[in-house]
Amino acid sequence: NTRMSITQAGNVGIGTQNPTCALDLDAISMRIRNSGTPSSASDPGAQGEIRWDANYLYICVAANTWKRVALEAW
């Protein structure tokens, strides 16, 4: 059983032998274990970073530029 693979192009697959993008997970979930809250919308960060806390999901959309979306129960 192949659990992880890396293609010649550098794509990494977890649970798949044929990853089609930089990180390809063949799973129903992904886990970021530690929470982290940017102190402001201009907190230092690199585009593409993702953070979370109990109330929001944060995404850095450009250098030092964070956006957030509220988390709600359903």
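Modeller: Partly exposed is the class between buried, which is under 20% relative accessible area, and exposed, which is over 50%. Keep in mind that this is a predicted model.

Biologist: Fine. Which class does Tyr 56 fall in, then?

Modeller: Tyr 56 has a relative accessible area of 24%, so it is partly exposed.

Biologist: And Tyr 58, buried or exposed?

Modeller: Buried, because its relative accessibility is 6%.

Biologist: How many aromatic pairs does the structure hold?

Modeller: One. The rings of Tyr 56 and Tyr 58 make up the pair, with centres 5.9 Å apart.

Biologist: Why is that pair called tilted?

Modeller: The planes are at 50°. Planes under 30 degrees apart would count as stacked and over 60 as edge-to-face, so the rest are tilted.

Biologist: What sits over the ring of Tyr 56?

Modeller: The charged end of Arg 68, at 3.9 Å from the ring centre.

Biologist: Change of topic, the sheet. What is the strand order?

Modeller: S4-S5-S6, an open sheet of three strands with antiparallel pairing. S4 (50-52) and S6 (65-70) are the edge strands, and each of them pairs on one side only. From one strand to the next the twist averages 25°.

Biologist: What does the hairpin of S5 and S6 look like between the strands?

Modeller: There are two residues between the strands, and Asn 64 takes a positive phi near 60° in that hairpin.

Biologist: Now the start of the chain. Where is Asn 1 found?

Modeller: Asn 1 is in the segment before strand S1, which spans 4-6. Its relative accessible area is 97%, so Asn 1 is exposed.

Biologist: What separation do the C-alpha atoms of Asn 1 and Asn 64 have?

Modeller: 41 Å, for two residues that are 63 residues apart along the chain.

Biologist: Thanks, that covers my list.

How values were computed. Residues are numbered from 1 along each chain as its sequence is written. This is a predicted model: local features need pLDDT of at least 70, side-chain atom pairs count only at pLDDT 80 or more; totals for chains, interfaces and linings use all residues. Side-chain values use heavy atoms; hydrogens and water are left out. Rings of Phe, Tyr and Trp (its six-membered ring) pair if their centres lie within 6.5 Å; planes under 30 degrees apart count as stacked, over 60 as edge-to-face and the rest as tilted. Buried means under 20% relative accessible area, exposed over 50%, partly exposed in between (1.4 Å probe, protein chains only). A charge sits over a ring if NZ of Lys or CZ of Arg is within 6 Å of the ring centre and within 35 degrees of the ring normal. Two strands pair if DSSP finds at least two bridges between them. Helices (H or I, at least four residues) and strands (E, at least two) are DSSP runs, numbered from the N terminus. Axes are lines fitted to C-alpha atoms, for helices over the stretch in contact, and angles run from 0 to 180 degrees between N-to-C directions.
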